[in-house]
Each structure stands twice: as structure tokens, then as C-alpha cells.
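Please study the sequence and the structure shown below.

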Amino acid sequence: MAIRALKLVTDIHCFSIRMVKFRSFAASNVPKPLFILRPTSSRFHSSMCQSHSNPKFEVDAKISYQEFRKWCNGGGTFNESASIDPTAVIEIGAIVHSESVIGANVYIGSGTMVGPAVRVGQSTKIGYNVVLTNCTIGDFGVIHSGACIGQDGFGFFVNEQGNMMKKPQIGHNVVIGENCMICGQVGIAGSVTIGDYVTLGGRVAIRDHVCIASKVRLAANSCVTKNINKSGDYGGFPAIPIREWRKQVVATRRTSKLRNLDGVKSSLLSDSE
């Protein structure tokens, strides 16, 4: 699976997301929604969505200042303070929390949790058992099942083949540009900025406060420890231009072979003596 920004997509064995623009932010800096897509009339809500009629529920809701109702299009649950376009689909078992903004033609799969003040752009598709907190998801995104965005992503999920796969980790204040692809088991620390058309191979690690230019490709198992300012292919630990990394790999293999030959020669000499 995988993340693909302005488009974040996942169709590798591990993980990939595709979306127009992705940004996560610390909970303490959660911004207010910039636009309201919620129907303005309470009459619309009562006609479009079935509300809870249990008097005890109404009392508890007033006490907790959180009222949840059943969304008419899919049967999921939403908080009354959320702003949801009437064309959005929220499947049974999914929950949209307070002050969230859900755009037009969004699909939210069963078991997904959209946290408080999360914004999801139009025509974005979110799979099953996804957790979104402290983040903004752009338009026309695809987030595959089992993803955790905006909080610790450590943990495992079962893929289509029944294998246990580790979830990727994306830290706070991370910005991912358009048309990026993030493959399985990638770890991105906090306050990282990634440009457009960037590809991160499987198990790539990026340290905090690092900036990666657009049109950069990182080989699997690479580790980015400082800014990458020029587009191109990189690999290794720490990540360097791919040609330099390949030269290092060849040199290391040659050195290893020479050491092995020296060891064989010394053992033969000792045996002859």
C-alpha cells in the first residue's frame, strides 16, 4: 500500500496514500475550519439524517457538550458540530468527531475514525479502519485501509493476503507535496517538509526538521539525516546521491573480498608452517 499526495496512493504490497496535499499539525495548533459545508438549517438535518430520540442520550449529550447522530448516507456516526457535505458517504462503524470538515463526494469506510478538527477535501476516498487526527487531507486523495495519520502509526494490520504488515509513521507538522508516493514501513519524523513528485522506497527513514526538494527518489532502507536540495535519486545511510552510494557499495564489497582472500592466504601459510 502507499501515500500519494494531490494525489497520496497505495498499491504496493506494503502501504501507499495518494492525495492532493497532506499536512499534519500538533494538536495544540489545530486551526479552525476555513469553510463550512454543513447544512445551515436544522430542518435539513432532521429530514436528511436520523437523530437519536432517546431522552437520556439528549441529557448526556448536553452534559458532555457532544452530540452524535446517525449520518443518513451510509449509516455512520457524526458529531453535530462537524461540517459535512450532504454528498459524503460515512459507512456504518465510522465516526466523525467535533469540528471536522468533510468535503463533497468524500467516502469514509467502516471503522474509520476522523478526529476533532480534521479537514478532508472533496472526492477523497478513505478506506476501512483508518485513523485521522491533527491533520488536513487534500482533494482527490486515496488513503488505504489501516493507515494512521496525525498520531503514532506504530502497530500492524492484516493485508489482502492475510499477512501482518507494519503501519507507516508520519509525525506532527509534516507537509507532503503533490503526487508523492510513500511505500511501506516508512518513518517520517516531525516537522519534515517534502516537495512534489517525491518517491520514498520501503523502510525509508527521515529525521525531524528535514526538507526534501521536489522530484527526489529515495532507495529502500535509506535514511535522510539532512536537507536534500536538488532533485535526483538518493540512497544509503546517510542518504547521498545514488551514484556515490553505489560506488561505496562496490568499494565495500571489494574490500570485503580482499579481506577474505587475505584471511585464506594467512590460514594456508599457517597450515604449511
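Arg207 is partly exposed, with a relative accessible area of 43%; buried means under 20% relative accessible area, exposed over 50%, and partly exposed in between (1.4 Å probe, protein chains only). Arg207 forms a salt bridge with Asp208, and the closest N and O atoms are 3.5 Å apart. The model is predicted: local features need pLDDT of at least 70, side-chain atom pairs count only at pLDDT 80 or more, and totals for chains, interfaces and linings use all residues. Residues are numbered from 1 along each chain as its sequence is written, and side-chain values use heavy atoms, with hydrogens and water left out.

**Salt bridges**

- A search of the whole structure finds three salt bridges, each defined as a side-chain nitrogen of Lys or Arg within 4 Å of a carboxyl oxygen of Asp or Glu.
- Asp208, the partner of Arg207, is partly exposed, at a relative accessible area of 29%.
- Glu80 and Arg69 are joined through their side chains in a salt bridge, at 1.7 Å from N to O.
- Because Glu80 lies in the loop between β4 (77-79) and β5 (83-84) and Arg69 lies in strand β3 (residues 68-70), this pair ties together parts that are 11 residues apart in sequence.
- Glu80 is partly exposed, with a relative accessible area of 25%.
- Arg217 and Asp233 also meet in a salt bridge between their side chains, at 2.8 Å from N to O.
- This pair links distant parts of the chain, 16 residues apart, with Arg217 in strand β27 (residues 216-218) and Asp233 in strand β29 (residues 232-235).
- Arg217 is partly exposed at 49% relative accessible area, and Asp233 is partly exposed at 31% relative accessibility.

**Two buried residues in loops**

- Thr124 is placed in the loop between β11 (119-120) and β12 (125-126), and Thr124 is buried, with a relative accessible area of 1%.
- A polar atom of the Thr124 side chain lies 2.7 Å from the backbone oxygen of Gly138; a polar contact is a pair of N or O atoms within 3.5 Å, where within protein one must be able to donate a hydrogen and the other to accept it, and residues adjacent in sequence count only if both atoms are side-chain atoms.
- Leaving aside neighbours within four places in sequence, Thr124 is in contact with several residues, among them Asn105, Tyr107, Ile137 and Phe140; contact means heavy atoms within 4.5 Å.
- Ser100 is found in the loop between β7 (95-96) and β8 (101-102), and Ser100 counts as buried at 0% relative accessibility.
- The backbone nitrogen of Val118 is 3.4 Å from a polar atom of the Ser100 side chain.

**Aromatic rings**

- Rings of Phe, Tyr and Trp (its six-membered ring) pair if their centres lie within 6.5 Å; planes under 30 degrees apart count as stacked, over 60 as edge-to-face and the rest as tilted.
- By this rule there is one aromatic pair.
- Trp71 and Phe78 form the aromatic pair, which is edge-to-face, with 5.3 Å centre to centre and 85° between the planes.
- Both Trp71 and Phe78 are buried.

**The whole chain**

- The protein chain has three helices and 30 strands; helices (H or I, at least four residues) and strands (E, at least two) are DSSP runs, numbered from the N terminus.
- Of the 273 residues of the protein chain, 42% count as buried.
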